[in-house]
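Subject: Structure handover

Hello,

Here is the structure I promised you. Please open it first, then read my notes below.

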Amino acid sequence: MIGFFRRKKPQDGPDAAPPRPSTEDLAAAFPRAPGESPAEAVEADPPTVAPPEASAPAPEINESDAAPAAAGKSGWRDRLRRTSAALGLAGLFTRNPRLDDDLLDEIETALLTADVGVPATTAIIEDLRKRMKEREFTDAQALLKALRADLIALIAPVARPLVIDASRKPFVVLTVGVNGVGKTTTIGKLARRFKQDGHSLMLAAGDTFRAAAVAQLQTWGERNGVPVVAQGQDADAASVAFDALQSAKSRGFDVLIADTAGRLHTQTGLMNELGKIRRVLGKIDDTAPHEVLMVIDGTTGQNALSQLRQFHAAVGVTGLVVTKLDGTAKGGVVFALAREFGIPIRYAGIGERVEDLRVFDAESFVDALLPEALGG
């Protein structure tokens, strides 16, 4: 009987355990364009500033094989088809419905399905109901026009693009958000946009928790021809931000964009770390950061509200970027965010390419969800 309980002989020796992946292995997850030189190694101490190569132009970024969205309203309309389908309002008005409470109930259900939220939906429906009782609408086309106007009016006040204040040099942008919303990718796209606008800028690799994040940001820096200040993994994020601001200030850069590690809004300790980063930046420039840009994943729906509530309390969010709107039926959360917080929505991500990070346009957004005319 004892023989049945003999310990099995190990098939492999101690050396058989798989090795831990290095930063280089993790960086391989972010492919480079053909002919692109590998990123410089990340030094733990002191911080490194990886300057762009002056001898060759920055290579083109090839994020996706898909073509960028078309310019103007047609691009928005094409990329927001899922949310538009969830609303179903185009089909609702195409059948030329009767003006009655049943129609308003259908509109209310459609708005809630697309995550517009209860408060915003209630305000819109009550306004339409009041005007319907006053016989302000002669037909469904008139009601459609009123609904579009209400939706635009709800988000137009927050459709304010980010303006770089030239008197703040460098103009410091601190990016925050939960895990996986696309902060680092958004920073890379913003860097391209700012550089094309004629601004000199520097990036700070403050996401020191995820090893690949440093390499990813350095890759964006190389491709955009932008220097990146970085320390090793697990370095103090506030220290990275401090060193980056000192360097950007001494070298006369126009803009500094600082990355931070993704964190859940329920993690008190990590949320407090954001406050520390803000305080450390203030030791060099008491007005910094000049923009606290929160990146929100549009696919999270109503959860975005609780995320923004906690981040705003911790670090004072001044602008939003709503990403992944092309891959969700919950794009209506933009209306809920606008109504509850009134924080400017600077940009919207409607695709994977650099050009698909668009300045948020209230009219184009509503037009993508609801046509201007029956059958539109």
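How many salt bridges does a search of the whole structure find? The search finds 13. A salt bridge here is a side-chain nitrogen of Lys or Arg within 4 Å of a carboxyl oxygen of Asp or Glu.

Some ground rules. This is a predicted model, where local features need pLDDT of at least 70, side-chain atom pairs count only at pLDDT 80 or more, and totals for chains, interfaces and linings use all residues. Residues are numbered from 1 along each chain as its sequence is written, and side-chain values use heavy atoms, with hydrogens and water left out. Helices (H or I, at least four residues) and strands (E, at least two) are DSSP runs, numbered from the N terminus. Buried means under 20% relative accessible area, exposed over 50%, and partly exposed in between (1.4 Å probe, protein chains only).

**Salt bridges**

Side chains of opposite charge can pair when their charged atoms come close.

Start with Glu126 and Arg129. Their closest N and O atoms are 3.9 Å apart. Both sit in helix 6 (residues 118-133), three residues apart, about one turn of the helix. Glu126 is partly exposed, at 44% relative accessibility. Arg129 is buried, at 18%.

Next, Asp367 pairs with Arg148, with a closest N to O distance of 3.7 Å. Asp367 lies in helix 14 (residues 362-369) and Arg148 in helix 7 (residues 140-155), so this pair ties together parts 219 residues apart in sequence. Asp367 and Arg148 are both buried.

Asp254 bridges to Lys169 at 3.5 Å. This pair also links distant parts of the chain, 85 residues apart. Asp254 is in the loop between helix 10 (237-250) and strand 5 (255-258). Lys169 is in the loop between helix 7 and strand 2 (171-176). Lys169 is partly exposed, with a relative accessible area of 44%.

Asp127, Arg131, Glu136 and Asp150 are joined by salt bridges that share partners.

**Helix 5 against helix 6**

Helix 5 (residues 101-113) packs on helix 6 at about 160°, with the axes 10 Å apart. Axes are lines fitted to C-alpha atoms, for helices over the stretch in contact, and angles run from 0 to 180 degrees between N-to-C directions. The angle makes the two helices roughly antiparallel (over 145 degrees).

Contact means heavy atoms within 4.5 Å. Helix 5 contributes residues including Leu104, Ile107 and Leu111. Helix 6 contributes, among them, Ile125, Leu128 and Arg129. Arg129 is also the salt-bridge partner of Glu126.

Best wishes

Methods. Angles under 35 degrees count as roughly parallel, over 145 as roughly antiparallel, 65 to 115 as roughly perpendicular and the rest as oblique.
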